[in-house]
Amino acid sequence: MADDPQRSRRLRTRQVRGGLDRSKFCETAEALYLTSGYVYDSAEEAEESFDGRRNRYVYSRFKNPTIRTFEVRLTGMEEGAVDCRATASGMAAVFAALMCMLKTGDRVVSSRALFSSCAYIVADYLPRFGITSVLVDGTDLDQWAAALAVPTAAVFLETPSNPTLQIVDLPKVCELAHQAGALVIVDNVLASPILQHPLTLGADVVCYSATKHIDGQGRTLGGAVLVKDQVWMDEKLAMFLRQTGPALSPFNAWVHLKGLETLDLRMERHCENALAVARFLEAHPAIARVFYPGLPSHPQHELAMRQMSHGGSVIAFEIAVPPPENPRERTYRFLDALRLIDISNNLGDAKSLITHPLTTTHQRLSADEKARQGITEELVRLSVGLEDVADLIEDLGEALTA
Ligand SMILES: *Cc1c(COP(=O)(O)O)cnc(C)c1O
């Protein structure tokens with residue numbers, strides 16, 4: 001259990017004060033311990049620190065006070081979590097969560113609508129090590145049941161998924177996974193710890209890219225893995241990270257931990273803005289289709305609202321392309337006409353960012369796979385920021401009629 005005197009307090013208090021461990025200087029804000037090593041009073045103390053008789057900081061690849069404050073604070077914000085380890089990026093978190101437990105001969109079942117680097121790990125890298133990886137349509141429970149009819153080591157999924165915002169039924173898939181003996185790892189980046197609590201819905205491990213909403217201002221890379229089993233953390237994940245070294249920089253940890261202090265306020269504004277933008281787009285004649293879990297028109301709206309408290313910050317939509325216009329040219333013309341919203345492939349930023357997944361983030365997928373996931377020429381993904389929503393709607397409206 002992450003030791004935290006603030007743990008008994010309520011969520012909003014924990015996100016501001018969790019993990020706070022003041023130095024002898026009694027600073028108000030958390031100290032930034034930009035140090036790789038630590039000194040010992042004696043050779044004997046060093047020996048005891050290495051053989052486990054003493055529990056103290058030894059080397060920042062293993063543990064660092066600023067990183068630990070971030071980990072303890074995030075643990076207090078993730079319902080159902082007992083501990084957390086931070087990593088250098090979201091991808092390091094996902095890769096470590098999988099690799100720390102898998103071995104040759106194991107089987108992994110995953111939803112196919114994944115962040116592109118996650119798809120790369122599951123479909124390309126794991127098989128190189130003799131790990132069987134099976135991809136299913138995450139929205140289809142029959143496919144999950146069929147794939148999980150044989151013993152399986154891990155289930156990996158993302159919900160809502162990037163970029164088309166498909167929802168996976170967490171309680172049902174977790175139940176099927178556990179019957180197959182699998183541990184369930186959820187990439188909860190799009191929902192953030194504020195909107196969805198996978199560990200309380202049956203998942204075993206949650207991964208974050210702190211780069212996204214946790215930083216929330218597009219500055220630093222980072223990741224985190226949270227668990228509900230302390231033994232798994234100590235024996236599998238913490239050991240893997242300690243020995244392989246994808247450590248977060250203490251400076252980045254400090255930025256992320258300050259980000260946590262305002263995460264619920266920012267998520268509230270992100271969601272409020274995104275819902276208003278989604279409603280505007282849905283009613284606009286130049287738009288063919290909007291994908292947003294917070295809209296009743298989303299095919300899984302009810303499920304989304306059962307497991308998430310709001311629809312999130314990301315919207316996907318298709319531009320209407322009247323023939324004989326070329327779909328890509330029409331879509332690019334809209335993107336290039338935006339004057340406020342930036343063309344960028346990041347998400348979860350204070351600034352609204354828009355991207356064309358087919359030619360950027362999901363470019364590497366085969367044509368078949370793009371079609372299967374609904375990643376078309378006219379699809380764009382919008383990460384709605386914290387600006388005045390009237391300005392965002394104005395910018396979108398002007399660009400759509402340009
Ligand atoms: C960004 C992202 C990641 C990877 O995080 P990095 O910090 O960029 O390594 C993984 N999953 C999802 C859903 C993401 O959006």
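I began with the side chain of arginine 68, which makes a polar contact with the side chain of glutamate 71 at 2.8 Å; a polar contact is a pair of N or O atoms within 3.5 Å, where within protein one must be able to donate a hydrogen and the other to accept it, and residues adjacent in sequence count only if both atoms are side-chain atoms. The side chain of arginine 68 also reaches the backbone oxygen of cysteine 84, at 3.4 Å. I noted that the model is predicted, that local features need pLDDT of at least 70 and side-chain atom pairs pLDDT 80 or more, and that totals for chains, interfaces and linings use all residues. Residues are numbered from 1 along each chain as its sequence is written, and side-chain values use heavy atoms, with hydrogens and water left out.

Is arginine 68 buried or exposed? Arginine 68 is buried, with a relative accessible area of 11%, where buried means under 20%, exposed over 50% and partly exposed in between, for a 1.4 Å probe and protein chains only. I placed arginine 68 in helix H3, residues 65–77; helices (H or I, at least four residues) and strands (E, at least two) are DSSP runs, numbered from the N terminus.

Next I looked up the pockets. On a 1 Å grid over the protein atoms alone, a pocket is an open set of points where a 1.4 Å probe fits, with protein on both sides within 12 Å along at least five of seven lines, and lining residues have an atom within 4 Å of a point. The largest pocket has 37 lining residues, and Asn55, Phe62, Lys63, Arg68 and Arg85 lie nearest its centre. Two or more lining residues of the largest pocket come from each of helix H2 (43–50), H3, strand E1 (83–87) and helix H9 (230–244).

For the second largest pocket I found 23 lining residues, with Met91, Phe115, Ser209, Lys212 and Asn346 closest to its centre. Helix H4 (90–99), helix H5 (116–128) and strand E6 (205–209) each supply at least two residues of this lining.

Last, I listed the residues around the ligand, among them Gly90, Met91, Phe115, Asp187, Ser209 and Lys212, counting a residue as near if one of its heavy atoms lies within 4 Å. Oxygen atoms of the ligand lie 2.8 Å from a backbone N or O atom of glycine 90 and 2.8 Å from a polar side-chain atom of serine 209. For aspartate 187, an N or O atom in the side chain is 2.6 Å from a nitrogen atom of the ligand.
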